[in-house]
Amino acid sequence: MDDRVDLVPGTLDMLVMKAVSAEALHGFGIARWIESVTGDRLSVEEGALYPALHRMEDRGWLTSDWQRTDRGRRARYYRLTTEGARELEARRERWEGSAWAVRRIMDGEV
Amino acid sequence: MELDPRRRRIRDEIGHHIDELETELRAGGMSAEDARAEAARRFGDTGSVERATRGAIPTPAGGWSRVPDAVAQDVRYAVRQLVGRPLVSALTIATIVVGVAATVVVFSVVHAVVLRPLPFPEPDRVMQVNQTSPQGRDYSVSEPNFVDFRARQGSFVEMAAMGFATVTLEEGGEAVAVEGMRVSDTFFSLLGLSPTVGRAFLPEEDRFGAATQVAILSEAAWTRRFGGSEEILGRTILVDGRALEVVGIAPTDRAWPGVEIFTPLAPDPDQYRDDQRLMAVGRLAPGVTMDVAQRDMDRIAADLSNEYPNSNDGWGARVAPVRDWLVGDRLTRLGTLLLGVVGVFLLMACASVSNLLLARASARLEEMGVRTALGAARRRIVGQLVTEGALLALVGGGLAVALAGPALGVVRALGPNDVARLAEATVDGSVLLVATAAAVGTVLLAGLAPSLLLIRRGVFTSLRSGTRSSSRSGRRVRDGLVVAQYALTVTVLLSAGLLTRSFLELQSVDLGFDPSGVVRFAVRLPNAAYDQGAREDFLLRLGAELEAIPGVEAVGATTASPFSRWRPSNFVARSDREPDRQEDFVPVSWRAVTGDYFAAAGIPLLAGRVFGPEDRGRRGQDVANPPVVIDEGLAAELFPDGENPVGRLVTWFLPGGRQCEIVGVVASARDERMDALPRPRIYRPFTFSSWEEPSVLVRTAGDPAELVPAIRRAVSAVDPSVPTIAPAPIEDDVRASVAWPRFSMQVLVVFGLIALTLAAMGIYGVTAFSVARRRPEIGLRVALGAEPAELRWMVVRAALRLAVLGIAIGVAASFAVTGLMASILYDVSATDPATFLIVPGVLALVAIASSWLPARRALAVEPRSALVSE
């Protein structure tokens with residue numbers, strides 16, 4: 001029953017930004033959100049997630065602060081900035097272009 | 001262990017993550033212990049995650065401290081880029097080098113000759129004062145008039161006058177001719193050239209008949225002839241046979257290069273007032289404008305007119321900046337033209353470099369797109385382009401400056417040497433500044449298009465939809481650049497074409513005399529030892545010596561040899577229709593010559609006779625109607641009805657002046673300026689006027705240059721104390737008289753050819769690019785059986801469209817620009833139809849030729865491979 005999928009290279013940033021676009025999430029929450037939305041078929045490596053979060057915050061696409069979780073634990077919560085929202089939009093557009101192209105080619109008759 | 005905040009934050013985040021995992025596992029029913037172990041296992045190596053996270057941001061501080069690192073990386077990348085595409089890089093750099101080196105060379109020449117401030121303090125306050133004839137022409141000032149101008153003026157701090165003369169300096173028993181200047185006592189202080197050693201002339205030394213015999217040396221003469229020792233002060237030197245005490249050394253070499261000895265002017269108040277030989281200058285008094293000085297001089301000239309009607313009637317004065325005299329209007333125009341052309345040329349180079357960078361950029365679009373997608377910051381991409389541009393500017397500019405030195409040497413060697421200040425053209429600070437500005441400007445301007453293209457569109461479109469749309473906008477920019485290149489090339493080539501036509505016209509001008517096989521030299525026979533009769537005797541003996549040399553055909557003497565800087569003028573009128581006022585006389589150029597001068601110069605006699613022994617007389621001895629010879633120009637002016645002038649009388653200089661009998665008519669000789677019709681000319685016998693430095697012309701059947709040693713021997717055989725001054729073939733003088741037209745033509749032709757090459761390269765590149773882009777389409781057409789000729793024409797037509805558009809724009813612009821050239825063109829209209837037809841035609845042919853190659857290659861496309869490559 002292994003219907004797990006691999007992360008398409010270059011899309012992690014976009015997925016992470018999408019994850020935090022509605023509400024602030026901590027790293028674990030982001031990973032869980034992505035898994036749950038894909039029905040556990042796509043999982044995110046921690047070794048890639050945290051570097052990506054820090055890098056995107058450095059770029060100014062994300063911002064973060066310490067908050068208490070529901071259970072009262074201290075966690076770092078990430079949110080999308082306005083610039084991040086623009087970047088997310090640009091990447092979504094680009095992705096859709098590529099995806100359309102790939103699908104178009106693969107659906108075409110040979 | 002104290003952790004920095006970032007590290008602690010990463011650890012806290014990792015810790016929280018594992019915590020959450022553990023909680024989840026326990027909620028799933030795992031024991032606390034198992035859950036902890038499982039969470040740790042699933043998370044993996046915390047250390048490596050921590051390191052990776054820390055490494056995601058290069059250094060914690062961010063911002064500017066990262067810049068050096070980034071720059072180093074950019075430089076490495078840029079070098080890789082340049083080295084990786086050696087052909088494109090070499091072309092780009094070569095274009096920058098040529099553009100910048102040309103700018104540097106032309107700028108340093110124009111700077112030295114035209115732009116550089118005159119070597120005096122506050123040069124704008126130094127004015128030149130000329131006398132103006134009743135006809136409004138400018139003349140120098142006569143000695144008595146200068147004395148009066150200087151004594152009566154109220155608008156200058158001081159006035160000074162100078163007269164040029166070659167003097168004979170006797171050194172160790174040998175006589176050498178050196179350039180000298182007679183100057184007022186005020187000359188040095190007025191121009192700010194006060195002696196650095198010793199003193200200037202004293203007012204009493206500048207008085208006519210002063211007993212003191214003094215001289216001042218230029219610094220160059222002092223160093224070269226006297227070893228730069230201060231012991232020279234107080235020593236005497238033998239100048240024109242007089243012992244003069246050296247009283248000072250003056251820094252005059254920049255202002256008057258070549259002038260070595262200065263002596264007091266001591267103007268003679270009783271000299272002829274119409275013998276205008278002095279250059280008069282004055283420094284404006286504080287608060288006085290040029291207009292005020294002009295009115296002051298007008299007043300004095302009017303007074304002199306009344307006081308000396310015989311000589312000064314109707315004569316005025318003109319005040320003008322001394323710059324106009326030292327630089328000259330034509331030089332200024334030529335300089336401006338050259339600077340303009342080099343500016344256009346630099347723009348061409350910009351367009352070429354831009355085009356080459358764009359070609360490279362198109363090839364790199366994809367790669368750049370990938371880089372942005374990978375998250376390369378936009379400013380890093382700009383940084384990359386800037387770095388590459390800076391590298392190009394550095395390499396290109398550096399090479400250009402290195403090349404400019406030798407190139408300037410070539411220009412100095414080949415360029416006109418009559419403009420002494422050309423020798424001053426060097427690569428100095430201000431020239432380097434121009435070079436830097438040119439190089440940086442070129443790369444900035446040239447880099448602008450690719451940068452905009454890459455940043456605005458390329459990066460965002462290339463990933464979305466491949467490279468198609470971005471290369472389309474790139475192509476439009478490149479097309480525009482090619483159009484601009486052709487427009488600029490047309491303007492440069494049209495200017496070059498006009499100057500070439502003009503120069504060829506000049507070359508084919510009928511001089512009216514025959515310079516081939518003629519050597520000229522001067523002999524200095526100072527007034528102290530010779531009167532004009534004694535001079536003629538000397539010249540007769542010299543003539544006999546020279547005619548004994550095998551091959552010598554004729555020897556003649558004149559007061560001013562062809563194309564010398566002396567262009568004496570006077571006025572004549574028909575005696576039977578003598579006007580009442582001098583202003584209605586005919587202005588003429590005149591020479592005093594020996595009878596054999598016409599044969600020596602090769603000026604054909606048209607009617608009557610030339611001077612003979614029967615005309616020989618002593619100066620001061622009255623002959624009823626002294627003989628004169630006129631040229632056909634003056635004959636036509638005086639006798640428009642075609643009457644025979646021989647035997648008729650003309651009045652010299654003034655109403656009531658001496659009446660002279662015309663004994664002969666000769667052809668008009670263009671011996672003052674090649675690019676202007678000769679002024680009407682009158683010849684008087686050699687003994688007419690006193691002239692210390694007559695010129696001798698020797699016509700030989702052999703090589704004139706080989707005659708020089710024999711000439712020197714002949715001169716010293718007649719009088720060992722007389723130096724032979726500057727012997728040279730007259731053909732050299734003829735060449736030198738068109739040195740500037742030739743120089744500017746050569747410069748423009750070189751620029752034009754390089755511009756043509758750049759334009760050809762531009763259209764070749766664009767065509768090759770578009771052929772590559774249209775490969776599938778062309779392949780398809782070939783597969784469908786299109787005619788090869790039709791396909792070739794399709795490709796060529798696209799290139800030709802750009803060229804024709806550029807040519808049309810350039811021609812339209814040229815009509816505006818070449819009008820400015822009218823004054824330096826000889827016998828060619830600024831809108832010369834031939835030039836305006838040929839140049840665009842040649843350019844169109846070049847466009848066809850340079851698009852033909854890629855067009856042929858397009859047809860070589862294998863239909864299948866073209867289709868598959870899509």
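Helix α3 of chain A and helix α3 of chain B are roughly parallel to each other, a term used for angles under 35 degrees, while over 145 counts as roughly antiparallel, 65 to 115 as roughly perpendicular and the rest as oblique. The model you are looking at is predicted, so local features need pLDDT of at least 70 and side-chain atom pairs count only at pLDDT 80 or more, whereas totals for chains, interfaces and linings use all residues. Residues are numbered from 1 along each chain as its sequence is written, with chains lettered from A and ligands numbered from 1 in the order in which they are written.

Let's stay with that helix pair for a moment. In chain A, α3 covers residues 46-59, and in chain B residues 46-56; their axes come within 8 Å and cross at roughly 25 degrees. Axes here are lines fitted to C-alpha atoms, for helices over the stretch in contact, and angles run from 0 to 180 degrees between N-to-C directions.

Which residues of α3(A) and α3(B) meet? From α3(A) come E46(A), G47(A), Y50(A), P51(A), H54(A) and R55(A), and facing them in α3(B) are S48(B), V49(B), A52(B), T53(B), G55(B) and A56(B). Contact means that the C-beta atoms of two residues, placed from the backbone, lie within 7 Å. By class, the contact of α3(A) with α3(B) has five nonpolar, five polar and two charged residues. Ala, Val, Leu, Ile, Met, Phe, Trp, Tyr, Cys and Pro count as nonpolar, Asp, Glu, Lys and Arg as charged, and the others, Gly among them, as polar.

Now widen the view to the two chains, where 18 residues of chain A are in contact with 22 residues of chain B. On the side of chain A that touches chain B, α2 (27-37), α3, β3 and α4 (82-107) each supply at least two residues. The largest share, seven residues, comes from α3(A). That side of chain A divides into five nonpolar, six polar and seven charged residues.

What does chain A itself look like? It has four helices and three strands, running α-β-α-α-β-β-α from the N terminus on. Helices (H or I, at least four residues) and strands (E, at least two) are DSSP runs, numbered from the N terminus.

Helix α1 of chain A (residues 12-19) also packs with α3(A): their axes come within 10 Å and cross at roughly 75 degrees. The two helices are therefore roughly perpendicular to each other. L12(A), D13(A) and V16(A) in α1(A) meet A48(A), A52(A), L53(A) and M56(A) in α3(A). This contact has six nonpolar, no polar and one charged residues.

Finally, turn to the strands, which pair if DSSP finds at least two bridges between them. Strand β2 of chain A (residues 62-68) and β3(A) pair in the antiparallel sense over seven bridges, and D65(A) has Y77(A) as its bridge partner in β3(A). β2(A) and β3(A) form a hairpin with five residues between them, and G72(A) in the turn has a positive phi of about 85 degrees. On β3(A) (residues 74-80), two bridges also join strand β1(A) (residues 25-26), again antiparallel, with L25(A) partnered by Y78(A).
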